[in-house]
Amino acid sequence: MQQARATLPPITRIIRATLVAGTLDILAATGLTLLAGRRTVSEMLAYVASGPFPGVPVRGLPVALLGLAVHFTLMAVMAAAFVLAADRLSWLRRQPVVAGVAYGLITFAAMNLVVVPLRFGVMPSTLAVETQLFCHIVLVGLPIAFIARR
């Protein structure tokens, strides 16, 4: 007979999912920024900060830290939405791979086809679509889904 595992409280799963997915995603963004060589990591973080705070300076540690805070805040919203949904829809917990891939696609669509175009007036390039799909599915959706089921 299989013994049932105690489920962690939602806030614990939200915090863990935020930290894991947020860290994986920002590390990927940092790596891609450095690989492309078109801007600094500080400038990339300033771009993130400029979403909710238009007109922030392009450089500087305070702006970079603000960008990091914005990134993790967005990730917390994404993690909370999934964890709370998984607590109500048991199939999300039973099928973490399917649910994680689906959620990665949903977060990709929300950010790259709605939020970024509305805020910045640009659509992602083909390369950006490929890298963003990978990041949203593998680094965001799947980790959040697996952490939500605990």
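Visitor: How many salt bridges are there by this rule?

Guide: The count is two salt bridges. Keep in mind that the model is predicted.

Visitor: What makes Asp-87 and Arg-13 a salt bridge?

Guide: Their side chains meet at 2.8 Å, N to O. The cut-off is a side-chain nitrogen of Lys or Arg within 4 Å of a carboxyl oxygen of Asp or Glu. At 2.8 Å, the pair therefore counts as a salt bridge.

Visitor: Why say that this pair ties together parts of the chain?

Guide: Asp-87 lies in helix H3 and Arg-13 in helix H1, residues 10-36. The parts are 74 residues apart in sequence, so the pair ties them together.

Visitor: Are these two residues buried, partly exposed or exposed, and how do you know?

Guide: Arg-13 has a relative accessible area of 1%. Buried means under 20%, so Arg-13 is buried. Asp-87 has 31%. That value falls between 20% and 50%, so Asp-87 is partly exposed.

Visitor: What makes Arg-59 and Glu-43 a salt bridge?

Guide: The closest N and O atoms are 2.7 Å apart. The limit is 4 Å, so the pair qualifies. Arg-59 lies in the loop between H2 and H3, and Glu-43 in helix H2, so the pair ties together parts that are 16 residues apart in sequence.

Visitor: Why is Arg-59 called exposed?

Guide: Its relative accessibility is 57%. Exposed means over 50%, so the label holds. Glu-43, at 14%, is under 20% and therefore counts as buried.

Visitor: How many aromatic pairs does the structure hold?

Guide: It holds two aromatic pairs.

Visitor: Why is the pair of Tyr-47 and Phe-120 called stacked?

Guide: The ring centres are 4.5 Å apart, and the planes stand at 25°. Centres must lie within 6.5 Å, and planes under 30 degrees apart count as stacked. Tyr-47 lies in helix H2, residues 41-50, and Phe-120 in helix H5, residues 96-120, so the pair ties together parts that are 73 residues apart in sequence.

Visitor: Why is the pair of Phe-82 and Tyr-103 called tilted?

Guide: The centres are 5.0 Å apart and the planes at 55°. Stacked needs under 30 degrees, edge-to-face over 60, and the rest are tilted. At 55°, the pair is therefore tilted. Phe-82 lies in helix H3, residues 61-88, and Tyr-103 in helix H5, so the pair ties together parts that are 21 residues apart in sequence. Both Phe-82 and Tyr-103 are buried.

Visitor: Which residue lies over the face of Tyr-47?

Guide: Arg-39 does, at 5.1 Å from the ring centre. The distance cut-off for Arg is CZ within 6 Å.

Visitor: Which residues form the nonpolar patch on the surface?

Guide: Leu-113, Val-114, Val-115, Leu-118 and Met-123 form it, with about 500 Å² of accessible area together. Val-114 lies in helix H5. Its relative accessibility is 42%, so Val-114 counts as partly exposed.

Visitor: Why is Asn-112 called buried?

Guide: Asn-112 also lies in helix H5. Its relative accessibility is 9%, under the 20% limit, so Asn-112 counts as buried. Leaving aside neighbours within four places in sequence, Asn-112 is in contact with Pro-117, Met-123, Pro-124, Gln-132 and His-136.

Conventions:
Residues numbered from 1 in each chain as written. Predicted model: local features only at pLDDT ≥ 70, side-chain atom pairs only at ≥ 80, totals over all residues. Heavy atoms only, no water. Phe/Tyr/Trp six-rings, centres within 6.5 Å; stacked < 30°, edge-to-face > 60°. Helix = DSSP H or I, 4+ residues; strand = E, 2+ residues; numbered from the N terminus. Buried < 20%, exposed > 50% of the residue type's maximum accessible area, 1.4 Å probe, protein only. Lys NZ or Arg CZ within 6 Å of the ring centre and 35° of its normal. Patch = residues over 30% accessible without salt bridge, like charges linked within 9 Å, V, L, I, M, F, W, Y side chains within 5 Å. Areas by Shrake-Rupley, 256 points an atom, 1.4 Å probe, with all protein chains shown as cover. Contact = heavy atoms within 4.5 Å.
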